[in-house]
Amino acid sequence: MKTIMIGAMSALALLCGAAPASAAPVQDGDYYTFTLVNGTPWTILTFQTGEPNGTYSQDWMPQRVLEAGDDVAMRFYDSEDACEYYVKIVFEDGDAWQQKLDFCELEYVVVNQDGTIEGIE
């Protein structure tokens, strides 16, 4: 099973859905932009952000999937200017990986075949 839970829960601000982002990921005020990279041989069906109580947002990619090796520019709004959020990736076989990331310090969210989800500047 590919399920992995890493880190402790952090405070999470109100999130809005993802919107298309420019090619150059940056943190601009209350907006965080990044590129989600699927570095696995599996298809990603959903990308979600998590709240402290363990609930997750709606799927940020409801109209698409992210095939192996593909990437997509993403953007979200945070009214609280928080930086750390949990992310949850669900694959086509139903397995899910979760990781806490600092969105103030990253440009890429890379899902690796070894079960890690990392933020890269």
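Author: The count comes to 1 disulfide, a disulfide being a pair of cysteine sulfur atoms within 2.5 Å. This is a predicted model: local features need pLDDT of at least 70, side-chain atom pairs count only at pLDDT 80 or more, and totals for chains, interfaces and linings use all residues. Residues are numbered from 1 along each chain as its sequence is written, and side-chain values use heavy atoms, with hydrogens and water left out.

Reader: Which cysteines form the disulfide?
Author: C83 and C104 form it, with their sulfur atoms 1.9 Å apart. The pair links distant parts of the chain, 21 residues apart: C83 lies in the loop between β5 and β6 (84-91), and C104 in the loop between β7 (96-102) and β8 (108-112). Strands are DSSP runs of E, at least two residues long, numbered from the N terminus.

Reader: Why is the disulfide left-handed?
Author: The torsion about the S-S bond of C83 and C104 is about -75°, so the disulfide is left-handed.

Reader: Is C83 buried or partly exposed?
Author: C83 is partly exposed, at 24% relative accessible area. Buried means under 20%, exposed over 50%, and partly exposed in between, with a 1.4 Å probe and protein chains only.

Reader: And C104, buried or partly exposed?
Author: C104 counts as partly exposed at 25% relative accessibility.

Reader: Turning to T49, where is that residue?
Author: T49 is in strand β4, and its relative accessible area of 0% makes T49 buried.

Reader: How far apart in space are T49 and K100?
Author: They are 9.3 Å apart, C-alpha to C-alpha, and 51 residues apart in sequence.

Notes: Helices (H or I, at least four residues) and strands (E, at least two) are DSSP runs, numbered from the N terminus.
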